[in-house]
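Here is a friendly walk through some of the charged and nonpolar side chains of this protein.

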Amino acid sequence: MDEALRLSVCVVTYEREAFLERCLAALAEELDAGAEVVVVDASSEDHSRAARAVMPSATYVHAPELAGWMTRSRNEALRHVRGELVAFLDDDVVVRPGWQSALEAAFAVDGVAAVAGRTCNGLPGEERYDREIGRLLPDGTLTDGFAAEGSELVDVDHGIGANMSFRRSVLAELGGFRDDYPGTALREDTDIFLRVRALGARSVFAPAAVVDHRPAPHVRGARFDTRYKLYGRRNHMVLLARDAGIGSRTLWNWVGAQFRNVGTASGLRARAMRLAVTIVGVAWGAGAMLKDARWRPTPPRRTDRKGDELRRVLGGAPA
């Protein structure tokens, strides 16, 4: 391992070459000699020539077999990182000047193992948030606020996948990401932050580590379409079951709320559609959690073969 390398920035991409180039161009302007970039591209075509034209030093991994599995692409990136800090950026974000220094300053605070940076979406009023940022509430819902302005670090339970970073040693202890959040991969980012919390380590929101999220179109479907909602319910149930256990009040409070919310839809047709999506999504989630979770909280450290392999690659001992 290069002792002088402080930061590895991982960008996972799929069929969005122009957005990747824009992301890399901003990183090329921002990063210093103590940082590297690793790109994992699940696209059908190899875009390495275009990527390296923007950032010649980037490590480019073409892995079309990982299409549809963001967390598996993230784990593939971990096989190539050399820095002591590992950041993940979505391919449709652009880092603002000072992002790297703000990130490193956050990790310099005692006990910080994970950092969620500020992710701006260009929405009116998003810089103000009147709830606690990044919390998992007793009813199983999550608070947001990752576009909020601020000058201080804020302790959080979870972060946002578009702009999240971790100590390499913590990723090694966890055995990387759980790579079984399918479809839209919704909640894979929340999952790893909650696992950091389960280790007893500290996660913070760093509002000075800013990126601008300029959303790219989804390759399949659209954000908040029926497919997105089904995967959302499925993955959220698995998340809560793993964090608190299948028998937890948090999980079943959340399930009950999903059915109560059916009545808030406007019109009979909308209610019927929401009820159908809720029934299918919850049934799908129940089947998945019975397979992937336990009655009590699931230990945060992966102990399967892939987890142990990532642990060795990242420099940790097998669990």
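A residue counts as buried when its relative accessible area is under 20%, as exposed when that value is over 50%, and as partly exposed in between. Asp-212 has a relative accessible area of 17%, so Asp-212 is buried. Please keep in mind that this is a predicted model.

Because Asp-212 belongs to strand E9 (residues 202-213) and Arg-96 to the loop between strand E5 (93-95) and H4, the pair ties together parts that are 116 residues apart in sequence. Arg-96 is partly exposed, because its relative accessible area is 33%.

How many salt bridges does a search of the whole structure find? The count is 26. Three of them are set side by side here.

| Salt bridge | N to O distance | Separation in sequence |
|---|---|---|
| Arg-6 with Glu-104 | 3.1 Å | 98 residues |
| Glu-188 with Arg-74 | 3.0 Å | 114 residues |

In the Arg-6 and Glu-104 pair, the side chains meet at 3.1 Å, N to O. With a relative accessible area of 33%, Arg-6 is partly exposed.

For Glu-188 and Arg-74, the N to O distance is 3.0 Å. Here helix H6 supplies Glu-188 and helix H3 (residues 70-78) supplies Arg-74, so the two parts tied together are 114 residues apart in sequence. Glu-188 is buried at 4% relative accessibility, and Arg-74 is buried as well, with a relative accessible area of 1%.

Salt bridges also link up into a network, made of Glu-132, Arg-135, Asp-157, Arg-197 and Asp-243.

**A leucine in helix H6**

Now look at Leu-194, which lies in helix H6 (residues 188-198). Leu-194 has a relative accessible area of 3%, so it counts as buried. Leaving aside residues up to four places away in sequence, Leu-194 touches Leu-136, Asp-157, Leu-239 and Asp-243. Of these contacts, Asp-157 and Asp-243 are also members of the salt-bridge network. Leu-136 is 58 residues from Leu-194 in sequence, and their C-alpha atoms are 8.9 Å apart in space.

Beyond residues up to four places away in sequence, Asp-41 touches several others, including Thr-13, Tyr-14, His-47, Tyr-60 and His-62.

Phe-259, Leu-275, Ile-279 and Val-280 make a nonpolar patch of about 320 Å². Helix H9 (residues 268-292) gives the most to this patch, with 3 residues. Ile-279 is found in helix H9. Its relative accessibility is 45%, so Ile-279 counts as partly exposed.

Note on methods. Residues numbered from 1 in each chain as written. Predicted model: local features only at pLDDT ≥ 70, side-chain atom pairs only at ≥ 80, totals over all residues. Heavy atoms only, no water. Patch = residues over 30% accessible without salt bridge, like charges linked within 9 Å, V, L, I, M, F, W, Y side chains within 5 Å. Areas by Shrake-Rupley, 256 points an atom, 1.4 Å probe, with all protein chains shown as cover. Salt bridge = Lys/Arg side-chain N within 4 Å of Asp/Glu carboxyl O. Helix = DSSP H or I, 4+ residues; strand = E, 2+ residues; numbered from the N terminus. Buried < 20%, exposed > 50% of the residue type's maximum accessible area, 1.4 Å probe, protein only. Contact = heavy atoms within 4.5 Å.
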